[in-house]
Every structure is written in structure tokens, then in C-alpha cells.
Amino acid sequence: MTGSAGMDRDLLLRLPKPELHVHLDGSIRPQTLLELAAEMGMELPSGTVDGLYETVYKETYEDLKDYLRSFRYSYLVMRDPESIERVSYELAVDNQREGVRYVEVRFAPQLHLGGGMDYIDVFGAVSRGMDRAKREFNRRPEVEGGSEPPFEYGIIACSLRYFDEELSDYHGSFLKLHRHTDPDTIFGLASLELVGAAARARDQYGLPVVGVDLAGAEAGYPAAHHREAFAKAQRCFLKKTVHAGEAYGPESIFQAITDLNADRIGHGTSLFNAGAVSDPTIKDREAYVEALAQYIADRRITVEVCLTSNMQITPSMEDLKDHPFGRMMEHRISVALCTDNRTVSRTTVTDELLRAVRTFRLDLEDLKNVLVYGFKRSFYPGRYSEKRSYVRKCIDHIEKLIEPVMGGGRGQRF
Ligand SMILES: [Zn+2]
């Protein structure tokens with residue numbers, strides 16, 4: 001990491017980029033939310049895009065719970081296949097416009113159930129929207145001619161660490177049905193159902209569902225509740241990513257890796273926060289976080305870092321320089337830079353890269369590594385040989401674009 005003076009945003013826009021952590025409902029275009037709400041006769045806190053940015057999609061949030069509250073309008077308007085397809089299509093197009101070539105879109109299909117739709121209908125609607133954008137993009141002559149990599153995507157199904165009956169119709173009925181079930185197993189049961197649906201969507205309906213995720217508040221809702229569901233995902237050869245260390249200490253990251261066998265970690269913000277280790281049996285907290293970081297680096301567990309989102313929900317982190325991204329890079333941890341939510345966090349993949357490059361003084365080699373890690377550690381939906389040739393195409397294109405800037409020299413600044 002040597003420097004980024006004279007940073008070129010235009011180059012970042014042109015580079016093929018992966019996006020591994022983006023929530024569909026957190027990335028709805030505000031204008032689309034207004035239109036869909038109007039069609040349904042649903043009241044929103046504001047009737048204008050600017051008003052939505054003031055009241056719902058704010059610049060800062062009090063905490064993770066406040067951040068998550070901003071999602072409720074989008075999934076309430078995505079209750080039929082057409083609206084889900086539209087939001088998915090627009091998400092893919094917005095990514096394509098800033099040079100993202102591979103998107104793994106994630107969402108909790110449970111939130112959209114009801115109104116005649118089942119899990120497969122929700123996965124199918126997302127896939128139709130993404131497919132339409134993919135077909136349109138891949139008709140470009142530079143892609144058809146093979147000089148540039150095509151646009152590809154995968155779907156990740158999110159299960160939730162915790163929910164209550166108010167979250168959605170599905171969650172209300174689920175809790176009612178299982179009202180005599182031990183509270184420690186009820187959330188795991190919902191996850192188990194989701195994993196089964198994700199595997200069916202892929203195996204019986206040919207949809208590109210590539211993995212599962214666990215999202216939501218961490219403290220008090222441990223990964224261990226979902227062990228059986230994630231073991232099932234493993235048996236079905238679905239990949240696994242887990243939100244961990246976002247709002248809770250390093251042990252949450254440890255649990256995600258050990259209890260759930262996570263291939264990737266969402267956020268991991270508290271990785272180096274020794275003060276947040278709460279297990280009294282851990283005597284040397286500094287040694288513990290160092291060992292954990294080494295383990296993650298050595299096992300090539302990719303951390304999906306979302307700088308803007310992390311800053312928004314961690315008020316104690318006043319300056320982006322305090323974000324552990326720099327230490328992750330120093331530890332040679334495989335990191336991918338992602339948005340988390342384009343609308344809720346008011347950001348883009350390009351902006352996230354730009355912030356990282358400027359704050360942590362990344363050089364072109366660092367930047368290339370981050371992009372390549374992302375493509376390599378994606379849950380690409382095709383065969384491994386196809387993934388390899390796709391990643392190769394992306395690397396070739398990255399090199400073609402950065403070589404003239406580097407002028408053959410390593411450690412070249414922007
Ligand atoms: Zn997330």
C-alpha cells in the first residue's frame with residue numbers, strides 16, 4: 001500500500017468489478033419504491049425521492065437495528081413477481097452501468113412470501129429480472145466478440161438470526177405454528193426450511209441459487225442455532241456466507257467459521273477488536289484476535305468489507321482510517337469490497353473502491369488483488385472449469401486497462 005495520489009475515478013468505473021454482498025431490498029431505486037407504493041396505495045414517509053433520503057435512507061443510522069428499519073418499505077412493495085423482477089432488473093442494470101461484471105444478489109425470500117407466491121416464485125422472479133439485464137448486456141459486440149468478460153450473476157438466499165411476528169406475514173404464521181417450540185431452535189427451523197427451498201430452486205428449477213447467508217442482529221442470537229441448517233447447505237453443496245462481526249465481537253466471526261463452516265464472512269468489522277471479546281475463558285484477548293486473523297488469512301476465508309455501511313452503523317468508528325480494512329490488508333486476508341446496500345447506504349461499488357483507495361492508499365497492485373480475490377472467491381454458478389475461464393477473462397481485462405497506467409512498474413500510484 002504505497003499511495004493513491006491523482007486517483008482516477010474513470011479508471012475505476014471501467015475496470016470489471018465483482019459485487020459479492022448486496023441486498024436486493026436495500027438497493028431498490030427510490031423512484032421505483034415511490035411508483036410501486038403508489039400502485040399499491042401504500043403510504044410512505046415521503047412522496048419524493050429527496051424526502052425518502054431525509055426520512056428513510058439516511059446518511060447515518062443510530063445502530064444496526066435503526067439501519068435495518070429502513071428496509072421495511074422495499075420488501076412491502078415487493079410482494080408480487082412483477083415488482084420483484086423489476087427491482088432485480090434495475091439492480092443488475094445499475095451495477096452494469098458502473099462496470100460491475102459479476103453480482104451475487106442476496107435477499108430473504110421469506111419476506112416476500114404470501115400473495116400467492118412461494119419460495120420458488122420469489123427466486124424465479126429475481127432470476128428473470130437479472131437474466132433480462134444479463135442478456136441485454138451480453139449482446140454488446142465487445143462481449144459477443146470475446147474481448148470483454150460477460151455479465152454474470154448468482155443468487156444468495158438469506159436466513160435470519162432473529163425475527164418476530166411483525167416482520168412479515170410468513171414470520172407471523174411461522175411463529176404461531178411453532179409457538180410450543182423451544183425459542184433456541186425456532187430460528188434454526190426457519191433456516192432449515194430456507195436451505196431446503198434454495199437447494200430445490202437450484203436442483204429442480206435450474207435457478208442460479210449459489211449459496212446461503214445468515215443475516216440480522218448477532219448479540220443473543222448465536223450462529224449455533226443455525227448449525228443444522230448450514231450443515232444441510234454443506235450437504236447440498238451450497239456455499240455459505242455469514243454476517244458476523246458487524247455489530248458483535250470477534251467471537252461471532254469465530255462461530256461463523258467453526259459452527260457454520262462459512263466460506264465467506266459478511267463485514268467482519270470487529271475482527272481486531274480485542275476489547276469486544278466477552279468469553280471469560282479467553283485470557284489473552286490480543287493473542288486471540290491475532291490468531292483468529294491468521295486463521296482467516298490462512299484458510300482464505302474472504303471478508304466482504306462494506307466500508308460505508310460499516311461506518312453508518314458503527315458510530316464509535318469516527319474516521320474511516322479506524323476501519324480494520326487496513327489491518328486486514330496487512331494480514332494478507334482475502335477481502336472483497338462491496339456496497340451492502342446501494343440505496344440504504346447511498347453508495348456504489350466504484351465509490352467503495354474509491355474510498356478504500358484514497359483512505360488506505362492502495363496502489364494499482366493492491367486494487368487489482370482486491371478485484372481478483374472477489375472474482376475468485378465468488379460462488380459462481382457454473383462448473384469450476386467455466387469459472388476459471390471467466391475469472392481469467394476478468395483478470396485479462398483488468399490487466400489490459402491498468403497496464404498503460406502502471407507503465408510496467410509495480411507499486412504505481414493512481
Ligand atoms: Zn449485509
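Me: Among contacts between residues at least 6 apart in sequence, what share joins residues at least 24 apart?
Reply: Keep in mind that this is a predicted model. A contact here means two C-beta atoms within 7 Å. Among the contacts between residues at least 6 apart in sequence, the share joining residues at least 24 apart is 76%.

Me: What radius of gyration does the protein have, next to what a compact globule would have?
Reply: The C-alpha trace spans about 65 × 60 × 45 Å along its principal axes. For 414 residues, a compact globule would come out near 22 Å. The protein agrees with that, as its radius of gyration is 21 Å.

Me: How many of the residues in strand S2 are buried?
Reply: S2 covers residues 100-107 and has partners to pair with. Strand S1 (residues 17-23) runs parallel to S2, joined by five bridges, and proline 18 stands opposite tyrosine 102 there. S3 also pairs with S2 in the parallel sense, over six bridges, with valine 103 opposite tyrosine 153. S2 is mostly covered, and its buried residues number eight of eight.

Me: Where do the buried residues of helix H11 sit around the helix, and within what arc?
Reply: H11 runs over residues 227-235, and its buried residues are Ala229, Phe230 and Ala233. Seen down the helix axis, they line one face, because they fall within an arc of 95°.

Me: Which elements do those buried residues of H11 pack against?
Reply: The buried residues of H11 have both strands and a helix to pack against. The helix is H10 (183-203), and the strands are S3 (152-160), S4 (209-215) and S5 (239-244).

Me: Is serine 252 buried or exposed?
Reply: Serine 252 belongs to helix H12 (residues 250-258). Leaving aside neighbours within four places in sequence, it is in contact with Glu218, Ala244 and Gly245. A residue needs 20 or more other C-beta atoms within 10 Å to count as buried. Serine 252 has 25, so it is buried.

Me: Which residues does valine 335 touch, beyond those up to four places away in sequence?
Reply: In soluble globular proteins, nonpolar side chains tend to be buried together. The largest nonpolar core here has 113 residues, and valine 335 is one of those that touch the most other members. Not counting residues up to four places away in sequence, valine 335 touches Thr302, Val303, Val305, Phe325, Met328, Met329, Val370 and Tyr373.

Technical notes. Residues numbered from 1 in each chain as written. Predicted model: local features only at pLDDT ≥ 70, side-chain atom pairs only at ≥ 80, totals over all residues. Buried ≥ 20, exposed ≤ 12 C-beta atoms within 10 Å, placed from the backbone. Helix = DSSP H or I, 4+ residues; strand = E, 2+ residues; numbered from the N terminus. Arc of directions from axis to C-beta. Rg over C-alpha atoms; globule rule 2.2 N^0.38 Å. Core = buried A, V, L, I, M, F, W, Y, C linked by C-beta atoms within 7 Å. Pairing = 2+ DSSP bridges.
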